[in-house]
Amino acid sequence: MEQPLIWLVDDDSALTPLMEQSLSQLGIGRQRLQRVHHANQLMSQVDRSSLALLICQGPAGSQLLAELKASRLLPPFTLLLLLNAPTEAPRVDDQLDLNLTVRLPGGLDSAALVDRLGNLICWLRQQGVLRRTYAEGNPAAVCGLCEDLMFLLPKETRELERLKGHLLLQTENLAEAAQYYGLCLMEQGQAWAKAGLITTLLWQEKAEAANRLLAQQQNLAPQVHQMLQLMVSLSGHNLLQASQTLLGLQQLEPQQAQWQTLSRQLALLQNQAMGPAGPPPYRLLPELNLAHDFQQWQLISIAQNWLGLPATRVRRQLLNRWRQLAESLGPAHCSHARLLAQAQQACYRQDYQLARDLVEPQVIDEALPATTLLFGASVAELTGLTERAEYYLNALTRQLDLAQQRREALLQTRIQGLLLARLRHWRLMRQQTLHDLREARQQAIEQRDFFHALQLASQLLKGFGAQTKDTLIALELLTLVWPSRLHNNQFKQLLAQLLRILDTASDLTPQQRQRFSLSRTRALHQLRQQMGLRRQKASV
């Protein structure tokens with residue numbers, strides 16, 4: 001058997017000699033033990049795909065595990081050993097994940113550590129089989145392996161029972177998972193069994209039954225109870241109750257960045273204004289702060305795009321924040337999302353052709369983060385690539401369908417599903433608005449009310465500036481209205497805006513390009529003529 005790769009987070013070097021001695025007595029050489037001095041080195045140095053055992057200690061170690069689990073950065077079936085484990089309230093992340101967490105109290109000597117690690121060696125021996133079987137999409141077979149391990153690891157029976165329940169949740173037979181959790185709840189009354197049963201009911205779309213069961217569980221830790229309540233509220237589409245529950249979670253766990261992200265997602269669903277992102281909580285893994293900040297920026301951008309082009313002040317804030325993030329993230333971080341951000345900035349400058357050139361070549365698939373897919377749909381809509389926007393939403397639909405099949409991340413799956421539905425509704429409303437404005441403009445033209453038609457064309461330009469055909473009509477209307485109904489400054493500003501869009505447009509047909517050339521020449525001639533008249537009056 002290949003010896004496992006073990007990572008040790010030891011900030012004061014006191015733990016390393018004890019671990020080396022204990023592991024050597026079990027036949028694991030020190031070359032298999034990799035040590036980092038601080039948690040922030042873990043992300044850059046560890047190969048997470050081959051991680052077998054992670055050892056940390058104390059409150060900092062507990063926070064590190066919480067961050068890794070919440071961010072889903074650990075491969076499944078990783079053995080997590082927390083030494084000098086602090087007494088703390090349980091979290092839902094501890095109830096619903098696929099890692100084996102072993103918490104040991106302080107004061108352990110080498111003999112006691114060797115004894116406990118010796119019992120866990122068989123887990124490490126089976127780890128590769130567990131991961132391969134799970135990757136093949138066979139959670140039922142992994143359940144059988146966990147049952148075998150219960151006889152070999154009697155001290156870890158409860159943790160293995162929890163793992164079995166979570167694996168049953170991922171099989172096709174949800175009724176069996178519910179029955180298993182119900183039996184464990186009656187026999188043991190463990191928090192993981194309560195959380196698992198409520199989660200199973202929610203996957204079965206039985207939000208009312210889950211809510212009644214949750215109301216009966218008064219002895220759950222506050223963090224666990226409120227997070228389950230949040231899941232129930234979102235599953236029942238009760239956004240007001242979800243917002244109130246989320247406020248309580250933010251007060252209980254201010255260091256958890258996921259609550260800040262969830263609050264912005266809820267604000268997006270409720271059409272509430274979103275200001276600049278607040279300072280991120282202190283994190284042991286600074287890379288997670290960067291990822292969190294970037295996700296926040298994308299959500300704020302989506303909210304602004306839903307309302308059309310934002311005000312100049314908001315655009316400047318978004319641009320400045322993007323520049324800061326781009327410097328911190330580095331060129332390799334999520335290149336697709338970076339190009340989308342550049343395309344959005346091009347739209348804000350009304351350089352729609354550049355935005356289209358950035359968006360169109362990108363490959364869209366469900367492996368992209370959900371927020372990036374939503375962001376891509378909103379940016380593609382701004383650039384006028386409506387079919388492209390639909391591709392992004394279809395990719396997110398496939399991603400959520402896969403998560404539904406695997407019963408993964410219920411909380412995020414629920415809120416992303418709501419955001420997906422809202423974004424589809426927003427696109428339908430935009431298309432209806434575009435149709436209505438075009439019809440009203442055409443009626444005004446037929447009635448020869450060119451000034452009203454130009455007003456409608458200006459509304460189209462503000463919300464749908466990427467529609468080149470409408471921009472060309474606005475230019476033609478401008479030459480019909482001025483100088484009788486517009487001031488010189490209004491004419492010049494609007495003319496500059498229209499020419500800036502049309503000069504770079506590559507999707508004009510030969511006939512449209514000829515119309516553009518004639519209208520441009522006429523508008524510039526009118527401007528020179530009017531300026532000449534003004535100079536004559538001034539000289540007189």
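Student: Arg 424: what is its relative accessible area?
Tutor: Arg 424 has a relative accessible area of 25%, so it is partly exposed. Partly exposed sits between buried (under 20%) and exposed (over 50%), using a 1.4 Å probe and protein chains only. This is a predicted model: local features need pLDDT of at least 70, side-chain atom pairs need 80 or more, and totals for chains, interfaces and linings use all residues. Residues are numbered from 1 along each chain as its sequence is written, and side-chain values use heavy atoms, leaving out hydrogens and water.

Student: Which side chain meets Arg 424 in a salt bridge?
Tutor: Glu 390, at 2.6 Å, N to O. A salt bridge here is a side-chain nitrogen of Lys or Arg within 4 Å of a carboxyl oxygen of Asp or Glu.

Student: What does the pair tie together?
Tutor: Glu 390 is in helix 19 (residues 386-406) and Arg 424 in helix 20 (residues 410-446), so the pair links parts 34 residues apart in sequence. Helices are DSSP runs of H or I, at least four residues, numbered from the N terminus.

Student: Which residues are linked in the network?
Tutor: Salt bridges link Glu 381, Glu 390, Arg 424, Arg 427 and Arg 430. Glu 390 to Arg 427 has its closest N and O atoms 2.6 Å apart.

Student: Is Arg 427 buried or exposed?
Tutor: Arg 427 counts as buried, at 11% relative accessibility.

Definitions and conventions:
Helices (H or I, at least four residues) and strands (E, at least two) are DSSP runs, numbered from the N terminus.
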